[in-house]
Amino acid sequence: MIEKVYMATPAIPKTKISGGSFLLEERRTDEVFTPEDFNEQHQLIGQTADEFALNEIVPNIEKMEHKDFSVTRSLLKKAGELGLTYVDIPEAYGGLEMDKVTSAIIGDRIAKYAGFATTWGGHTGIGMLPIVYFGTEEQKKKYLPRLASGEIVGAYALSEASSGSDALNCRARAELSSDGKHYILNGEKMWITNAGFADLFTVFAKIGEKFTAFLVEKTFPGFSIGGEEHKMGIRGSSTCPIILNDCKVPAENLLGEIGKGHVIAFNILNIGRFKLGAMCVGGARVSLENAIGYAKQRKAFNKVIADFGLVREKIANMAVGIYTGESMVYRTVGMMDAALSEVDKSSADAMKEIRKAIEEYAVECSIIKVWGSEMVGYVVDETVQIYGGYGFVEEYPAERAYRDARINRIFEGTNEINRLIITGFLLKRAMSGQLALMPAIKKLMDEVLSGPSTGEEIEGPLAEERKLVGQAKKLGLFAAGAATQKYMQAIQDQQEIMGAIADMTIETYAMESSVLRTQKLVERNGKAASSLPIAMTRVYLTQAMDTIESAAKKVIAAVAEGDMLRTQLAILRRLAKYEPFNTIELRQQIAEKMIERGKFTLA
Ligand SMILES: Cc1cc2nc3c(=O)[nH]c(=O)nc-3n(C[C@H](O)[C@H](O)[C@H](O)COP(=O)(O)OP(=O)(O)OC[C@H]3O[C@@H](n4cnc5c(N)ncnc54)[C@H](O)[C@@H]3O)c2cc1C
C-alpha cells in the first residue's frame, strides 16, 4: 500500500491563478507546475502505477478484450491494495486525500491499456467523486471505503438514448413514494461505463422538472442492466444501458439537493476531463513507443524505415504532442492543487470551496480534454501509418489503439460541446467582469489601430518563443474582439465563430504551457542541456501559429467586409508575423533522440 508522506517542500506552486486568465496575463515559471516538478511522492506513485500497469494490466489485455470482467474487478481490487484507488478519497473515510497531480499521474500511467483505463476513469472519477464532493456524511461513510478498496465498483449514469450532449433534457423521472421513504425512478440510461459489473450508480432523473441525482445500488428493486454494446473500441470496458422500472431508491440516497443535479453533473465532468486528458497523454506515449520499436526493425528499400525523413517527421510530431500534452495537463492540475491548498478543510464549507476551486478551471479542463483527445487521435493514426499493412490487422497493437482512441472525442462531453464551453465560459466571465477580457480587447484595438509598433522587447531565456505566445494571445483577442463587436451577446448563436475562438484559445494555452515548461528547464539545466525541449517547443509553436492565424482569418472574414476586411486582415498579418523556425531540422533532431531512446523521454 502506498503511503502518504507529508513532504517538507511541497512541489506545487503556491500562486492562486484565476481560470482563463492565461489569455490576459503572463506567468512566471515558478508559478507553473511541470512534470519535472514531481516530488519524491509523485515519482514513487508513478512508479507503482507503472508497475501495476505493466505487470497486472498488460498481461490480462486479451481476457479483458473478451469481456472477462472478473479479471477487471480483481484488477480494481489489486489497485486498491496498492492504494491507487484511494488518492481522491478524504482521509476521514479511509482515503489518502492526495493532490490532483497524483490523480493525473495515475491516470496517465494506467492508460497503457485504454479498455482498463476507461473502467478506471468510470470507477475512480465519475463513479466515486459525486459522493466525495456531494455526498452526505452517511453516504460517504457507507460507500467511500468500499469503493476505495474495490469491493464495490462505481458508475455514472447521465446520458440517455435521446439526450447525451443535451443531458439536462432527460426523460428519466423520480417521484417520492406516498410514505416519503423512497423515490421511485423510471426511465432508461444509455452507454453507461462499468454498468455490466458495477454495484453503485449515480443516476440523474427529474423530480417534476427538477434535475436531481440519486445513488442507486444494483440490488434495488426495479433496477436492471441491458446487454453489452458491441463497440468500435475500448472493448475491454463494459458499456450497457440501465433500466429503471419503478426502481425503489431510499429517500436518503438522494445525492446533493433536489434540482441541483446539474451542479453535480458539470463539476464531476470537469474532473473527468482533466483525468481523460492525462490518460490521452499516457496512451499516446505507449503508441509512440510501439511506433518507434516497429520503425527500427521494419526494412524497406534496404533501410530501416526509421531512417526515412517522412517517418521521422511523424515520430517527431508524436513526441511534440506528448511533450505539449504533459505540459498542459500538469500545469492545469498544479493550478487546481494550488487553489485547493488554500481551502480550510476543517471548515463547514470545505466541500463547497473545493468544488469552487475545481470549477474555477473549467476552461482549462475542457481544453485538456479536447486537445488531448485530438492529439492521441493523431498519434494512433500515424502509428497505424508507420506499421503500414500490419497497422491494419488485429495482431498488431496499432489497430486496437486506433479504435480505442476514437471514443475520447465523444465522451466526457463531445469536443464540439467542449469547444462551446470554452468560449462560452470565457465570454460569461468577461461579461460579468470576472475576467478583464473586454478591457484587454479594447486596449489591443486601440494599439493596433494606432499603427504598427516596434513591438515590446522581451529578454531572457526563450525570448523569441515567449514573444510568439504574446502574439498568439493578441491574435485571439483581436479576432474575439471583432466578433463580439459585431454580434454582442448573440455571438453564442454563431457556433462556427465560437469554435474558431475556442481553437485559438486551446492553441494559445498549449503554446504557453510548452514554452513555460521549456523555459523552466532552461533556467534549471541551461540551454545546451535543454535542446530537445527547445526543439519540441519550437515545432509546436510553428504549427500552432498556423492554426491560430487561420482561425483568426476565418473569424475576420465572417465579421467584416470590403475596406474593413482589408484593414483587419492587414492587422492580422502584422500580428501573425514572425521568422519561421527550421522545423525540418528540428524534427530531425527530435526524431533522432526518440529513435535512439526507443520511447518518449527527455533524458
Ligand atoms: C463507450 C461509451 C461510454 C460512455 N460512458 C458514459 C457513462 O459512463 N455515463 C454517461 O452518462 N454517458 C456515457 N456515455 C455517453 C456519452 O457521454 C455521449 O455519447 C456523449 O455525451 C454524446 O451524446 P450523444 O451520443 O447523445 O450525441 P449527441 O448529443 O446526439 O451528439 C451528436 C453530434 O451532434 C453534436 N452536437 C450535439 N449538440 C450540439 C450542439 N449544441 N452544438 C453543436 N453540436 C452538437 C455532437 O458534438 C455530436 O457530434 C458513453 C458513451 C460511449 C460511446
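**Note on cavities, aromatic pairs and the ligand site**

1. Helix H13 (415-431), helix H15 (463-487) and helix H16 (495-525) each contribute at least two residues to the lining of the largest cavity. H15 gives the most, with five residues. Helices here are DSSP runs of H or I with at least four residues, and strands are runs of E with at least two, numbered from the N terminus.

2. The model is predicted: local features need pLDDT of at least 70 and side-chain atom pairs count only at pLDDT 80 or more, while totals for chains, interfaces and linings use all residues. Residues are numbered from 1 along each chain as its sequence is written, and side-chain values use heavy atoms, with hydrogens and water left out.

3. The count comes to two cavities of 30 Å³ or more. A cavity is a set of points, on a 1 Å grid over the protein atoms alone, where a 1.4 Å probe fits but cannot get out; its lining residues have an atom within 4 Å of a point. Grid points are joined across faces, edges and corners, and the volume is the space filled by probe spheres set on the points.

4. The largest cavity has a volume of about 130 Å³. It is lined by 14 residues, of which Leu23, Gly476, Ala480, Ile501 and Thr505 are the closest to its centre. By class, this lining has eight nonpolar, five polar and one charged residues. Nonpolar covers Ala, Val, Leu, Ile, Met, Phe, Trp, Tyr, Cys and Pro; charged covers Asp, Glu, Lys and Arg; the others, Gly among them, are polar.

5. The second largest cavity holds about 70 Å³ of space. Its lining residues include Leu84, Asp88, Trp120, Met128 and Lys275. Helix H4 (100-110) and helix H5 (114-127) are the elements that give two or more residues to this lining, and H4 gives the most, with three. The lining has five nonpolar, four polar and two charged residues.

6. The rings of Tyr294 and Tyr390 have centres 6.4 Å apart and planes at 55°, so the pair is tilted. This pair links distant parts of the chain, 96 residues apart: Tyr294 lies in helix H8 (residues 261-297) and Tyr390 in the loop between helix H11 (362-387) and helix H12 (397-405).

7. Tyr294 is buried at 7% relative accessibility, whereas Tyr390 is partly exposed at 35%. Buried means under 20% relative accessible area, exposed over 50% and partly exposed in between (1.4 Å probe, protein chains only). Ring pairs link Tyr294, Tyr387, Tyr390 and Tyr396 into a cluster.

8. Thr414 places a polar side-chain atom 2.7 Å from a ligand oxygen atom, and a side-chain N or O atom of Glu416 is 2.7 Å from an oxygen atom of the ligand. A polar contact is a pair of N or O atoms within 3.5 Å; within protein, one must be able to donate a hydrogen and the other to accept it, and residues adjacent in sequence count only if both atoms are side-chain atoms.

How values were computed:
1 Å grid on protein atoms, 1.4 Å probe; cavity = no way out; pocket = protein on both sides within 12 Å on 5 of 7 lines; lining within 4 Å. Phe/Tyr/Trp six-rings, centres within 6.5 Å; stacked < 30°, edge-to-face > 60°.
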